[in-house]
Amino acid sequence: MDRIADPWGPRTPYGRGERWPVRVDEHVTDEADAWVPTASILHSNGDGIDVAVRDGRMVGVRGRADSRVNHGRLGPKDLFGWQANNSRDRLTTPLIRRDGELVECDWDTAMDAMVARSRQLLDEVGPSALGLYTSGQLFLEEYYTLAVIARAGLGTNHLDGNTRLCTATAAEALKESFGCDGQPGSYTDVDHTDVLLLVGHNVAATQVTLWARMLDRLAGPHPPKLIVIDPRRTPPAEHADVHLAPRSGTNVALLNAILHELIARDAVDRAFVDARTVGFEQMAEIVAPCTPEWAAEICGVEASAIRAAADILAGHDRILSTCLQGVYQSHQATAAGVQVNNINLLRGALGRPGAGVLQMNGQPTAENTRECGANGDLPAFRNWANDDHVAELAELWKVDVATIPHFGPPTHAMQIFRYAEQGSIRWLWITATNPAVSLPDLARIRRILAREDLFVVVQDLFLTETAEFADVVLPAGTWGEKEGTFTNADRTVHHSDKAVEPPGQARGDLDIMLDYARRMDFRDRDGAPLIKWHDAESAFRAWQACSAGRPCDYTGLSYEKLRAGGETQWPCNERYPDGRERLYDEGDFWAAADIAETYGKDLLTGVDVEESDYRAFNPEGRAMFKGAEYLPPADAPDDEFPLRLNTGRSLYHFHTRTKTGRAPELAAAAPDVWVEVSADDARAYGVGEGDVVDVISARGRVRAPVRVTGIREGVVFIPFHYGYWDAPDRDDRAANELTITAWDACSKQPIFKTSACRLERVA
Ligand SMILES: Nc1nc2c(c(=O)[nH]1)N[C@H]1C(S)=C(S)[C@@H](COP(=O)(O)OP(=O)(O)OC[C@H]3O[C@@H](n4cnc5c(=O)[nH]c(N)nc54)[C@H](O)[C@@H]3O)O[C@H]1N2
Ligand SMILES: Nc1nc2c(c(=O)[nH]1)N[C@H]1C(S)=C(S)[C@@H](COP(=O)(O)OP(=O)(O)OC[C@H]3O[C@@H](n4cnc5c(=O)[nH]c(N)nc54)[C@H](O)[C@@H]3O)O[C@H]1N2
Ligand SMILES: [Mo]
């Protein structure tokens, strides 16, 4: 079967409440002498995978039939992407910059240079000169180690992940509505639901097997209704009962109108709202003027289509809502994510089979970045503004409370780069992310990375666009070459075994981090080593202790249990020895002020809510309705830049293609950048399919051939995958040449989806 041409494979239809049938997908290039269990690392879905090994090399993959996530299925990226591990251009030795050039060196030389500079800056300037920028693609054990190094070893507040670009809004929207991060829903909700509401989520391209599950429900008896909100005519939009294609950046107006209509239809689950929530009346007041006609004008959709969506939502109480980057990277990101939560709260559609919210993750291990506090939060969803929470960490790590920075929220990634631009951060350790392609306004990012006074360490598998700027490059072993655990978007924890050795002198990320900590000689207050673990399993045990009693409780898990029983959802503890399928099924929110991860923010300004105000608003720790008025996007189109630039993904590539670009089948399926233009705009600009155009913003230019698609007029789309590592003669194909340095007021997530731009025909 050609899984490039047919990414979702044949249908295996099933009905509501039935078990999704198994279908095992496999791609091997040689006979295996061993199969090693792991899960997918090329999206957040967490598909169970076995890796085929022969003579110490990866030779293929197959889906795990017993995985609760994928029931054996795999998408094209997983079927073919593993070949990148075997790529001949993997980094195999450390590199160091000498006379302007990166040259090979040994590990001692590289680590000594990295350690010497961090120690010098610590002595001369203090911890605020040191920044760490990590990923959503490492393992739990690595994030936790990095968090302890940063917060308790170096004592810096400047640690964040590329999860800031990815799921910071998911976390923030969950915190605002439920008091704490933690995915309420479960993928099994797809099996039970009557309505799927997909908001800014092209699940067909980005979680291929989850879409296969939805397609199989749609093909079976009693199919769910499907509502899709996306300016593009994506594959889910083509299957939708109602497709709303709003102007980019207008989600809040549209969602407010839907809430307005649900209230007008008296579709409010009063018993649920009264018993489990606070804030309904304030929210209702805000959406009172938001009629479908009002929103239709702003969003550029039909008022009747908004009513049709509301009719469906009002008619069912098993609703599964999902959000992803069309919410998180768009204007009013957190406010929009919270309005989706409000729809489910209003309908009482939470914590029951088929009734839930999936504020999606994007990256395979973003969940762990957030849990472990390698993003802008403290470990195990602790609240930096709650002194008791900080004291718990100090006790656990045996350090003074004052060592752990908590004078303000941890520094977010965009601010880390700003500090580097201003020269106050002068050492930046970048692990498993490629900001020279993935951050907005690349000309600026390149200027920052190139600064003389910034010492850059890049830890990667390849000599990426970012590594080209490094002072030290550390070659890492990756997925399949190291052991660890990771957690997908529906809280399913996987153990991933080492299948093969890393190439050359490359070392697993945890080994590198432990080596750095040892060389820095971090100590606790008793004079013992701060980091008391030495391998993945002992790191996992340290993390379990940190998670004890918190919402993401891992204490009931162990490597042995994960190996034997396979995947388990957290929390897993004495109360839930086999994990908990749905959060909040007993109405037990983690929103009480003493437990909550935050006291919340004002959705329009992002200003922190005071503890006393939070206690007054939510004295019993219930779920919270929070309304938000629609605000017009700041970077609105004008005469010079009349179009909105939407950026995102294609099915065949992962991010900056360091892996998928090295898999021949995937590279061939989508070899170069393009720009999607609506038929109306194509006519207006006098361009047709295949014509080459320049897309120009106030920051830069991208040259690409046109694809005329079903995208709404006024919006053009460019996939952001295409940087320069495989096109050194180009400087005009990365979407982020065009995007703007701007972020959501609450989540601080960059706004990649609404920059103003124009088209010029070239040929
Ligand atoms: N094939 C593939 N799969 C992936 C990845 C990958 O690189 N490639 N990356 C993974 C990661 S890290 C992530 S974060 C996810 C992302 O997964 P998705 O969020 O599904 O993917 P995107 O293409 O970024 O954006 C989704 C949709 O948002 C729409 N959109 C843009 N602006 C707006 C808006 O204002 N309102 C609304 N309602 N919609 C809007 C876009 O048209 C687009 O179709 O995918 C994961 N899976
Ligand atoms: N315009 C625009 N920009 C975007 C987005 C968008 O939709 N539009 N989406 C944003 C989102 S959601 C995301 S998640 C980011 C992704 O942005 P990036 O994180 O920059 O993208 P990747 O290509 O996944 O980079 C990961 C790097 O880590 C390396 N790597 C992989 N595995 C390992 C490992 O085990 N160890 C080590 N040390 N290195 C490893 C890879 O080789 C690669 O260089 O992009 C963001 N940027
Ligand atoms: Mo992401």
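This is a predicted model: local features need pLDDT of at least 70, side-chain atom pairs count only at pLDDT 80 or more; totals for chains, interfaces and linings use all residues.
View 1. Glutamine 459 uses its backbone instead. One of its backbone N or O atoms lies 3.0 Å from a nitrogen atom of ligand 2. On its own, ligand 2 has 910 Å² of accessible area, and the protein covers 99% of this.

**View 2. The shell around ligand 2.** There are 34 residues around ligand 2. Gln137, Asn162, Ser438, Asp460 and Thr656 come nearest. By type, the shell holds ten nonpolar, 18 polar and six charged residues. Three strands each supply at least two shell residues: S16 (455-460), S17 (472-477) and S23.

**View 3. Where ligand 2 lies.** Ligand 2 takes up the space of the largest cavity. Which domains give residues to its shell? They are domain 2 (95-166 + 366-569) and domain 4 (643-739), so ligand 2 lies between them.

**View 4. Polar contacts of ligand 1.** Arginine 649 places a polar side-chain atom 2.7 Å from an oxygen atom of ligand 1. Asparagine 251 also contributes a polar side-chain atom, 2.9 Å from a nitrogen atom of the ligand. With histidine 655, the backbone takes part: a polar backbone atom is 3.0 Å from an oxygen atom of ligand 1. How much of the accessible area of ligand 1 does the protein cover? The protein covers 100% of the 910 Å² that ligand 1 has on its own.

**View 5. The cavity and shell of ligand 1.** Ligand 1 sits in the second largest cavity. Helix H6 (203-206), helix H14 (325-328) and strand S23 (643-648) are the elements that give two or more residues to its shell. Of the 32 residues around ligand 1, the nearest are Asp230, Gln325, Ser330, Arg649 and His653. The shell divides into seven nonpolar, 20 polar and five charged residues. Domain 3 (168-360) and domain 4 (643-739) each provide at least three residues of the shell.

View 6. S23 gives two or more residues to the shell around ligand 1, and at least two to the shell around ligand 2.

Conventions: Residues are numbered from 1 along each chain as its sequence is written. Chains are lettered from A and ligands numbered from 1 in the order in which they are written. Side-chain values use heavy atoms; hydrogens and water are left out. A residue is near a molecule or strand if one of its heavy atoms lies within 4 Å of it. A polar contact is a pair of N or O atoms within 3.5 Å; within protein, one must be able to donate a hydrogen and the other to accept it, and residues adjacent in sequence count only if both atoms are side-chain atoms. Accessible areas come from the Shrake-Rupley method with a 1.4 Å probe; for residues, only the protein chains shown count as cover. On a 1 Å grid over the protein atoms alone, a cavity is a set of points where a 1.4 Å probe fits but cannot get out, and a pocket is an open set with protein on both sides within 12 Å along at least five of seven lines; lining residues have an atom within 4 Å of a point. A molecule sits in a cavity or pocket if more than half of its atoms lie within 2 Å of its grid points. Helices (H or I, at least four residues) and strands (E, at least two) are DSSP runs, numbered from the N terminus. Ala, Val, Leu, Ile, Met, Phe, Trp, Tyr, Cys and Pro count as nonpolar, Asp, Glu, Lys and Arg as charged, and the others, Gly among them, as polar. Domain bounds come from an automatic or database domain assignment.
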